[in-house]
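I opened this notebook to record what I looked up in the structure. The entries follow in the order in which I made them.

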Amino acid sequence: MTHPSATRTARLRDLLEGLRLDGVLVTDPVDVRYLSGFRGDDATLVVGRSASLLCTDSRFWEQVREEVREVELSRVTSEPLLEHSAHEVRRVLGSGARLGYQGAQLSHASYRTLRRVHDGPLRDVGRAVTRLRVVKDEAELALLRRAAAVTDEALGRVVAGGLVGRSERDVAWDLRAEYHRLGAEGEAFAAIVAAGDHAAQAHALPGERVIRAGELVVIDTGARVEGYCSDITRTYAAGEPSDELRRIHELVLKAQLAGLAAVRAGAHGRTDVDAAARAVIAAAGHGDDFGHGTGHGVGLEVHEAPSLGRARGDRLEAGMVCTVEPGVYIPGVAGVRIEDTVLVTADGCERLTVSPKELQVVG
Ligand code: ZN
Ligand code: ZN
């Protein structure tokens, strides 16, 4: 079986052809990994119509031999990485080559180096290169499923241990420990554990605050497995909640189900999915309490394309993996968010995270 990196590089070459470029200098480490298989964080990839080379220094030469196939190693020795890469571009692609680069991934100083060394036209194609990752292949889906399964399992175990009387930080730490025990690399992102009025901040940092009976607790977390991320949010009741809190949870669940029901190949992230979830919350008079977008893509990065926001959205395609995560945040009172990671299919979606969503009352 050919390594997926060969197919991926072939798709990048098709892109080069379409953009009438002679080559591309890939500097985003996530794209370097996707296209070559190399997991180190300090390398560039030069891809021409026929040649592919990975530029990195001696710290990684052994690792390159283990992880990378069908790509030539270009040894960085005396020059800085970017300068070396720019010289390699000129050597491999020839003088005057039309070169794509990744603008969002390059500092201004690096761009100036590239401009100084490279004598052909430059074009920012960073977004197009990154978008090669938006539809997942089978190898990626297997890892995304594993990451989601580990996340569900870890979350279930931690919550089963109870929440009342524990600090937010302590709960967050336990999630990390469970990911480790379950064989994940670690967290896909720093977990959010926020109780009571603290959860009214959508991205609250877990603190020393102790979870009290009667509070809602938002837990937003995900494991990382072989680079691939998962992302789930559940809101739990620590002890019996008030009717008002139950009502808010019910509303967010209804909105999340409406968002999920709108996901399918061909649907639009903004006008279909975000709109469906937002309409439910707005109809209940809480439109102003839902300040963030409804979802985002998940893959090697926990936030990537496609986008499913109220300001920006992408058309969904089968094989994309994204979240649906509406929330309601009432300052001084509480926050509720419910999130799943799902796989977009031809006629709907398949949930990868499957933890129960009905309000669970835990001690
Ligand atoms: Zn999340
Ligand atoms: Zn998310």
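I began with the largest cavity, which holds about 50 Å³ of space. I took a cavity as a set of points, on a 1 Å grid over the protein atoms alone, where a 1.4 Å probe fits but cannot get out. The volume is the space filled by probe spheres set on the points, which are joined across faces, edges and corners. My search of the whole structure found 1 cavity of 30 Å³ or more.

The model is predicted, with local features needing pLDDT of at least 70, side-chain atom pairs pLDDT 80 or more, and totals for chains, interfaces and linings using all residues. Residues are numbered from 1 along each chain as written, chains are lettered from A and ligands numbered from 1 in the order written, and side-chain values use heavy atoms, without hydrogens and water.

I next listed the lining of the largest cavity; among its residues are Arg234, Thr235, Tyr236 and His249. Strand β12 gives the largest share, 3 residues (strands are DSSP runs of E, at least two residues, numbered from the N terminus).

I then turned to the zinc ion (ligand 2), and noted Asp231 (OD), His296 (NE2), Glu325 (OE) and Glu339 (OE) coordinating it at 2.1 to 2.2 Å. Donors are N, O and S atoms within 2.8 Å of the metal (3.2 Å for Na, K and Ca). Along the chain, the donors of this ion follow the spacing D-x64-H-x28-E-x13-E.

I recorded that Asp231 bridges the zinc ion (ligand 2) and the zinc ion (ligand 1), 3.1 Å apart. Asp231 and His296 are both buried (under 20% relative accessible area, 1.4 Å probe, protein chains only).

Methods. Buried < 20%, exposed > 50% of the residue type's maximum accessible area, 1.4 Å probe, protein only. 1 Å grid on protein atoms, 1.4 Å probe; cavity = no way out; pocket = protein on both sides within 12 Å on 5 of 7 lines; lining within 4 Å. Helix = DSSP H or I, 4+ residues; strand = E, 2+ residues; numbered from the N terminus.
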